[in-house]
Amino acid sequence: MAENNGGTEISPNMTIYINNLNEKIKLEELKKSLHAVFSQFGKILEVLAFKTLKHKGQAWVVFEDVSSASNALRQMQGFPFYDKPMRIQYAKTKSDIIAKADGTFVPREKRKRHEGKKRKEQHDPNQAGMGLNPAYAGAYGSTPPLSQIPYPGGVKPMVPEAPAPPNNILFVQNLPHETTPMMLQMLFCQYPGFKEVRMIETKPGIAFVEYADEMQSTVAMQGLQGFKMTQQNSMLITYAKK
């Protein structure tokens, strides 16, 4: 049973494993798009994907807590990501994945099953970081970096004094400059009636998203209002002016 690769036999944990991903997508774009799509479920500590042939079409998303990972797995199972349905399950381990990323991975799964926790601690100098090297320990340690702590006094984008009347086209502001149309499409196409995303090259940070009718655009606006593309960028969505 422990050897079963099926998602049902693996205990829920903070890391989800995704495969059947489109292999034509560049690595950095893939990681950014996965972060954009999955951060709606909770804080993401790490998105991992690798260039090696063995790991093509696969990725791991590490959440801060198990409930976020569980919601993501349940709601995004089969989601059409770059035209291919995602297959998602809980990762077998958390620390081994990170170790593979930094080159320190040593196969030890079979030994771990037969050894107690005490033995593991003796061979794991970075227990607080779940067996990570110092470069990764901060992401999992008890004290998050200052840049990750929400700042209540942060400047929020101004909400227009006179909101535009309902429109099937939404106006999206406060986007990080590296946002691509595909990243926004991944988010907004979850809602029925989605038609297209339009961005203006000369004006980074804003976009227009069109739906079939006003009711469908309203549902999408309510669902994604305040969605955090990054820790500093919460989407501000209004109706586009007619």
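**Exercises on a predicted fold**

The protein chain holds eight helices and ten strands; helices (H or I, at least four residues) and strands (E, at least two) are DSSP runs, numbered from the N terminus. The model is predicted: local features need pLDDT of at least 70, side-chain atom pairs count only at pLDDT 80 or more, and totals for chains, interfaces and linings use all residues. Residues are numbered from 1 along each chain as its sequence is written, and side-chain values use heavy atoms, with hydrogens and water left out.

**Exercise 1.** Describe how α1 packs with α7.

*Solution.* 
- Step 1: take the geometry. Helix α1 (residues 27-38) meets helix α7 (residues 181-188) at an angle of about 30°, and their axes are 9 Å apart. Axes are lines fitted to C-alpha atoms, for helices over the stretch in contact, and angles run from 0 to 180 degrees between N-to-C directions.
- Step 2: classify the angle. Angles under 35 degrees count as roughly parallel, over 145 as roughly antiparallel, 65 to 115 as roughly perpendicular and the rest as oblique. α1 and α7 are therefore roughly parallel to each other.
- Step 3: list the contact (heavy atoms within 4.5 Å). α1 supplies E29, K32, S33, A36 and V37, while α7 supplies M182, M183, M186 and L187.
- Step 4: sort these residues. Six are nonpolar, one is polar and two are charged. Here Ala, Val, Leu, Ile, Met, Phe, Trp, Tyr, Cys and Pro count as nonpolar, Asp, Glu, Lys and Arg as charged, and the others, Gly among them, as polar.

**Exercise 2.** Locate the largest nonpolar core and the elements that build it.

*Solution.* 
- Step 1: A nonpolar core is a set of buried Ala, Val, Leu, Ile, Met, Phe, Trp, Tyr and Cys residues joined through side-chain atoms within 4.5 Å. Buried means under 20% relative accessible area, exposed over 50%, partly exposed in between (1.4 Å probe, protein chains only).
- Step 2: The largest core has 27 residues, and I16, I18, L34, F38, F63, F81 and M86 have the most contacts inside it.
- Step 3: assign elements. β1 (15-19), α1, β2 (44-48), β3 (59-63), α2 (66-76) and β6 (87-90) each give two or more residues.
- Step 4: look elsewhere. Another core, of 23 residues, lies apart and includes L187, F227, M235 and Y239.

**Exercise 3.** Is Y211 buried or exposed?

*Solution.* 
- Step 1: check accessibility. At 0% relative accessibility, Y211 counts as buried.
- Step 2: check its surroundings. Beyond four places in sequence, the contacts of Y211 include N168, L170, F188 and Y191. The C-alpha atoms of Y211 and N168 are 5.2 Å apart, although 43 residues separate them along the chain.
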